[in-house]
Amino acid sequence: MNNFSENIYLPGGLHQFNHLKMNINPSAKNVLIIGSNSENIGLKFLKTGCSTLNIIVEDHDSLLNSRLILKDFSSVRTRMMDYDSTDFQNDQFDIVFAQASVSSPERNKIIKEIKRILKPEGIFSLGEVTSLKDPAAQFIKDIWDNGNIFPLNHEKVSAFYLERGFDPIDELDLSERLNEFYTMGKELLKKEKNNLTEIEKSSYKKLLNRISHESNAYLKLGGKNYMGFKSIILRKKS
């Protein structure tokens with residue numbers, strides 16, 4: 001298994017999970033992960049001894065890839081659902097984990113759904129793409145448009161969720177980890193043809209195609225001055 005498989009190829013890498021684990025013990029908890037490319041995060045949850053683990057993705061390719069990657073882990077249930085309209089019951093989960101998967105124009109609807117399926121005082125571990133400077137440069141706006149990203153102001157993320165029925169527990173600025181994410185993207189693109197397995201090529205094709213121009217734009221044009229990333233741990237108000 002190469003380094004690509006061993007790493008978490010999402011903004012913030014493994015740091016959001018570690019941030020959650022430092023504050024909340026996932027053992028014996030019912031966990032839902034929202035978002036594609038989250039399989040390795042799921043394996044981290046399994047190692048903590050979570051009670052149940054569900055992963056939802058929003059497109060068919062991501063579903064097939066996720067099931068292929070997790071084929072040896074029958075306890076993980078992976079399904080395709082709209083994030084703002086799931087099939088889960090009210091108050092079903094102790095923890096919902098979303099890493100760069102709800103920073104979209106549909107955020108308000110998704111958050112309403114997460115509140116519905118979280119138990120009272122349940123935990124929402126959130127990784128939000130944020131805006132550091134307004135107005136943003138055009139190349140940053142292009143990255144956000146291409147990724148269907150609707151960023152919140154970096155300093156107002158906790159306040160946004162406080163207004164929507166969550167109590168902030170802790171937050172961690174992971175903006176500097178974006179440089180690692182985009183650098184990793186460049187390296188993966190160089191190695192894709194020769195070093196990735198067929199499963200990995202299929203699993204990350206969509207993301208790699210998008211990152212091909214975004215990585216250069218972010219790294220060479222000063223993206224760190226405009227784009228941030230924040231890990232926030234929230235508790236649903238009872």
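This is a predicted model: local features need pLDDT of at least 70, side-chain atom pairs count only at pLDDT 80 or more; totals for chains, interfaces and linings use all residues.
Residues are numbered from 1 along each chain as its sequence is written, and side-chain values use heavy atoms, with hydrogens and water left out.

Entry on the whole protein. I read nine helices and eight strands, where helices (H or I, at least four residues) and strands (E, at least two) are DSSP runs numbered from the N terminus. Of the 238 residues, 52% count as buried (buried means under 20% relative accessible area, exposed over 50%, and partly exposed in between, with a 1.4 Å probe and protein chains only).

Entry on H2 and H3. I looked at helix H2 (residues 15–23) and helix H3 (residues 39–48), which pack at an angle of about 25 degrees with their axes 10 Å apart; axes are lines fitted to C-alpha atoms, for helices over the stretch in contact, and angles run from 0 to 180 degrees between N-to-C directions. H2 and H3 are therefore roughly parallel to each other, since angles under 35 degrees count as roughly parallel, over 145 as roughly antiparallel, 65 to 115 as roughly perpendicular and the rest as oblique. Phe-17, Leu-20 and Lys-21 of H2 meet Ile-41, Lys-44, Phe-45 and Thr-48 of H3, contact meaning heavy atoms within 4.5 Å.

Entry on Thr-48. I found Thr-48 in helix H3, where this residue counts as buried at 15% relative accessibility. Not counting residues up to four places away in sequence, Thr-48 touches Phe-17, Lys-21, Pro-26 and Ser-27.

Entry on what follows H3. I saw that Gly-49 follows H3 and has a positive phi, near 85 degrees. Ser-51 sits in the loop between H3 and strand S2 (52–57) and is partly exposed, with a relative accessible area of 48%. Leaving aside neighbours within four places in sequence, Ser-51 is in contact with Ala-28, Lys-29 and Asn-30.
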